[in-house]
Amino acid sequence: MRTTRRLAVLLGAAAMLMTAGGNAQAAAPKFSDATTIGTHNAYDKAKYTYFAQALDSGASLLELDVYTDSITKRWRVSPSNPFGNDNNCEAAKTPGELYSKSRNQDLGGCLDNIAAWHQLHPDHRPIVFKVEMKNGFNNNGGLGPDEFDALVSAKLGGIVYKPSDLLGSTYSTLDAAAKANAWPSRDDLKGKVLFELIPGTVEMNNPFDHYWTDREYGDYLRDLYAAGNISKAQAFPAVLGAASGDPRTSRYDASIRPWFVFFDGDASTYVNNGYDTSWYDTRHYFLIMTDAANVSPAISSTNPTDAEVAARLGLLASDHASVITSDWAAASPSVLGSVADRG
């Protein structure tokens with residue numbers, strides 16, 4: 001029955017592109033009730049010459065890999081170099097400077113590009129910036145969660161949708177707010193950006209690092225709320241890795257579990273193992289499915305047809321994803337900007 005249903009979804013979605021501009025509905029869906037498309041490693045110059053072009057792409061999630069360079073006290077943006085920048089972010093702080101300046105900037109430069117692009121497109125779609133902290137935070141070295149938040153706040157100010165915005169004045173944890181579906185509509189989030197934080201490959205493979213980004217930022221959120229300072233937080237920590245049941249239970253202390261409402265894992269693992277992904281949807285948690293091209297029937301991870309991407313969106317929307325991601329930079333903006341009903 002499940003196979004039949006998935007095949008029907010696949011065939012139906014292949015014939016229909018639901019673009020952000022043409023997705024007319026009686027009422028705008030809540031942020032938690034939609035499925036969209038994201039681009040893996042959008043800072044890569046091989047994908048986009050300039051990061052502003054990644055912002056132009058229509059994708060609803062763009063990824064940045066960040067290293068904490070404790071020698072220079074800089075946030076490096078690079079796939080593998082912890083002491084230098086290798087990316088398409090420009091030395092551009094105004095709209096007129098975009099698409100022309102020198103690249104290989106640090107995280108502050110990437111945030112400057114987002115701010116400048118936002119001035120050109122103040123009513124843009126809500127965009128999630130997935131930040132992989134490659135080697136984790138270095139709080140003792142002056143590159144901790146509070147410094148990260150201070151940088152984001154200084155560069156982007158009020159365009160960031162923050163944990164405190166989800167809490168409002170009603171809820172005391174993100175979990176309680178999500179379960180109540182306190183998320184705003186996608187229309188209400190026009191012109192807004194969100195930040196998701198995940199632990200990085202370097203810190204997870206470091207035998208001496210036992211305090212990964214997810215837990216560190218979870219502790220930070222708990223403590224900020226207790227001190228009455230939750231409005232300082234700029235990001236949502238994510239539970240990384242597809243798993244069955246509630247993966248927070250075995251990973252985190254009970255005091256920080258309610259501060260995780262973002263989940264991020266391999267699409268094929270969720271689908272092939274038959275995990276109950278409706279669990280995320282009914283609780284209105286944000287579920288990111290990565291490597292979406294690998295789900296059977298596999299399609300190109302770099303250069304699929306627009307119809308194939310649209311079909312994959314429909315297929316994984318039926319599996320309750322909030323965002324599906326792959327290296328689909330070549331897809332048309334009308335497809336990368338597609339929005340489907342979740343579930």
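Which residues of β1 are buried on one side, and which on the other? Ala34, Thr36 and Gly38 are buried on one face of the strand, and Thr35, Ile37 and Thr39 on the other.

## Basis of the model

This is a predicted model, in which local features need pLDDT of at least 70 and side-chain atom pairs count only at pLDDT 80 or more, while totals for chains, interfaces and linings use all residues. Residues are numbered from 1 along each chain as its sequence is written, and side-chain values use heavy atoms, with hydrogens and water left out.

Strand β1 spans residues 34–39, and six of its six residues are buried. Buried means under 20% relative accessible area, exposed over 50%, and partly exposed in between, with a 1.4 Å probe and protein chains only. Strands (E, at least two residues) and helices (H or I, at least four) are DSSP runs numbered from the N terminus.

Two strands pair if DSSP finds at least two bridges between them. β1 runs parallel to strand β9 (residues 323–326), joined by four bridges, and Thr36 has Val323 as its bridge partner there. Strand β10 (residues 340–341) pairs with β1 in the antiparallel sense over two bridges, and Asp341 is the bridge partner of Ala34.

## The enclosed cavity

One cavity of 30 Å³ or more is found in the whole structure. On a 1 Å grid over the protein atoms alone, a cavity is a set of points where a 1.4 Å probe fits but cannot get out; a pocket is an open set with protein on both sides within 12 Å along at least five of seven lines; lining residues have an atom within 4 Å of a point. Grid points are joined across faces, edges and corners, and a volume is the space filled by probe spheres set on the points.

The largest cavity holds about 50 Å³ of space. Its lining includes Ala34, Thr36, Val323 and Phe286. By class, the lining residues are six nonpolar, three polar and one charged. Here Ala, Val, Leu, Ile, Met, Phe, Trp, Tyr, Cys and Pro count as nonpolar, Asp, Glu, Lys and Arg as charged, and the others, Gly among them, as polar. Phe286 belongs to strand β8 and counts as buried because its relative accessibility is 3%. In sequence Phe286 and Ala34 are 252 residues apart, yet their C-alpha atoms are 9.8 Å apart in space.

## The second largest pocket

The second largest pocket contains about 180 Å³ of space. Of its 14 lining residues, Glu63, Glu132, Ile198, Thr201 and Leu240 are the closest to its centre. Two or more lining residues come from each of β2 (61–69), β4 (127–133), β5 (193–199), α7 (201–204) and β7 (262–266). The lining comprises four nonpolar, five polar and five charged residues.

## Aromatic contacts

The whole structure contains 25 aromatic pairs. Rings of Phe, Tyr and Trp (its six-membered ring) pair if their centres lie within 6.5 Å; planes under 30 degrees apart count as stacked, over 60 as edge-to-face and the rest as tilted. Phe263 and Tyr285 form a tilted pair, at 5.3 Å centre to centre with 35° between the planes. Phe263 lies in strand β7 and Tyr285 in the loop between α11 (278–282) and β8 (286–290), so the pair ties together parts that are 22 residues apart in sequence. Both residues, Phe263 and Tyr285, are buried.

A cluster linked by ring pairs consists of Phe51, Trp75, Phe129, Phe137, Phe148, Phe195, Tyr217 and Tyr220. Arg103 lies over the face of Tyr50, 5.8 Å from the ring centre; such a charge needs NZ of Lys or CZ of Arg within 6 Å of the ring centre and within 35 degrees of the ring normal.

## Backbone exceptions

Most residues other than glycine have a negative phi, and most peptide bonds are trans. Asn104 has a positive phi near 65° and sits in the loop between β3 (74–77) and α3 (107–120). Asn104 counts as partly exposed because its relative accessibility is 36%. His320 also has a positive phi, near 75°, and is placed in the loop between α12 and β9. At 17% relative accessibility, His320 counts as buried.

The peptide bond joining Ser296 and Pro297 is cis, with omega about 0°. Pro297 lies in the loop between β8 and α12 (306–317).
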